[in-house]
Amino acid sequence: MENLKGTGVALVTPFNADNSIDFNGLKKVVEHVIDGGVEYLVPLGTTGETATLNKEEKKKVFDFILETNAGRTPVVAGIGGNNTYETIETLKNFNPDGFSAILSVSPYYNKPNQEGIYQHYTALADNSPLPVILYNVPGRTGSNLTAETTLRLAEHKNIIGIKEASGNFDQFMQIIKHKPNDFLFISGDDGITLPMIAAGANGVISVIGNAFPKDFSAMVRLCLKGDFATARPLHYKLIDIVNMLFTEGSPGGVKAFLKELGICGDTVRLPLANVSNNLYQQIAETVKAY
C-alpha cells in the first residue's frame, strides 16, 4: 500500500454551536489538508469524536468526505469498537467504494488479554471488505497491543499495518525488526514521528496535520527520504504546537488552532470540553507568530 506512506490526517469533525455537524467547516478542513500536500485522509478516528456520532451521522460524514475529496487522495475509514460482533456487522454493511483501507482501534474498556485482541482483529479482518490497519493507543484503550501479538496479526493476508501510539520505542523496534516487508508501521504520535521514521516507520496518521498540513507533511517526506538535517528544523518549529494540541486533550486543542486559522469552529461534543481560556490565548498568540 505505497499510497498510504507519508502523512495521513486524522480529520476532526467540526460542529456548529448547536452540536450539529458543520459540513461547511468539514469541507474547509478537507480542502485545507489536501492543499497542504498530505498523502491521505482518515475520517472518523478518535480525533473525529467518533464515539459521540450516531450511525446516520457517521454515514453522512463518510459520504461527504468522499464527495469533497473527489478521488484526489486515498481515504482510510475509521471503523472500530469494543463489541466485536457489532463491528463485524458494521463492516458487512459498509460500502467500501472510494476507500483504501479500514483503521480499527484495539478494543477499549473491556481490557481483553492478548488472545482476545488477536481473535478480535482476526474476526474483523476475516469479514472486512478492505485491508485493515491495526491501531494501538493504550492511553485511550486501557490495554496494549504487544509486539508479539502485532507480529502474529501481521501474518493475516487482510491486515496491512499498524498505527502505533504506545510511545514504547522498544516495542516499535521489535515490530519493525520482525514484521513482513510490506507491513506498514505508522506513527500515531506527531511529536515523535521524526525519530519513529528514523527507526523505520513508514509515516504518520496525524492530528497536527489538520492545522499545519504543509509543514508537517513536508517534514515527514524529508524524513522518509533520509534528509533528517532538513527535516529537523521543521520538527522543532512544530514541536511546541504539538504539545499544545494535547495539553488539555484532543481534539479540543487542534480545534482551537483551526478556529484561530479561520477554518472551522472549536465546538466539541460532551463529554469533551473546550480548552481553557489561558490555553486558548497561548494558541492564538502562537498562530499569530507562526
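**A strand and a helix pair**

Author: In this predicted model, β1, helix α1 (residues 23-35) and β2 make a right-handed β-α-β unit; helices are DSSP runs of H or I with at least four residues and strands are E runs of at least two, numbered from the N terminus, and right-handed means that, with the strands pointing away from the viewer, the path from the first strand over the helix to the second runs clockwise. Local features need pLDDT of at least 70, side-chain atom pairs count only at pLDDT 80 or more, and totals for chains, interfaces and linings use all residues. Residues are numbered from 1 along each chain as its sequence is written, and side-chain values use heavy atoms, leaving out hydrogens and water.

Reader: Which residue in β2 is the bridge partner of Ala10?

Author: Strands β1 and β2 (residues 40-42) pair in the parallel sense over 3 bridges, where pairing requires at least two DSSP bridges. Within β2, the partner of Ala10 is Val42.

Reader: Which residue in β8 stands opposite Gly8?

Author: Strand β1 also runs parallel to β8 (residues 203-206), joined by 4 bridges. Opposite Gly8 stands Ile205.

Reader: Are α10 and α11 parallel or oblique to each other?

Author: The axes of α10 (residues 228-247) and α11 (residues 252-260) come within 6 Å and cross at roughly 120 degrees, the axes being lines fitted to C-alpha atoms over the stretch in contact and angles running from 0 to 180 degrees between N-to-C directions. Angles under 35 degrees count as roughly parallel, over 145 as roughly antiparallel, 65 to 115 as roughly perpendicular and the rest as oblique. The two helices, α10 and α11, are therefore oblique.
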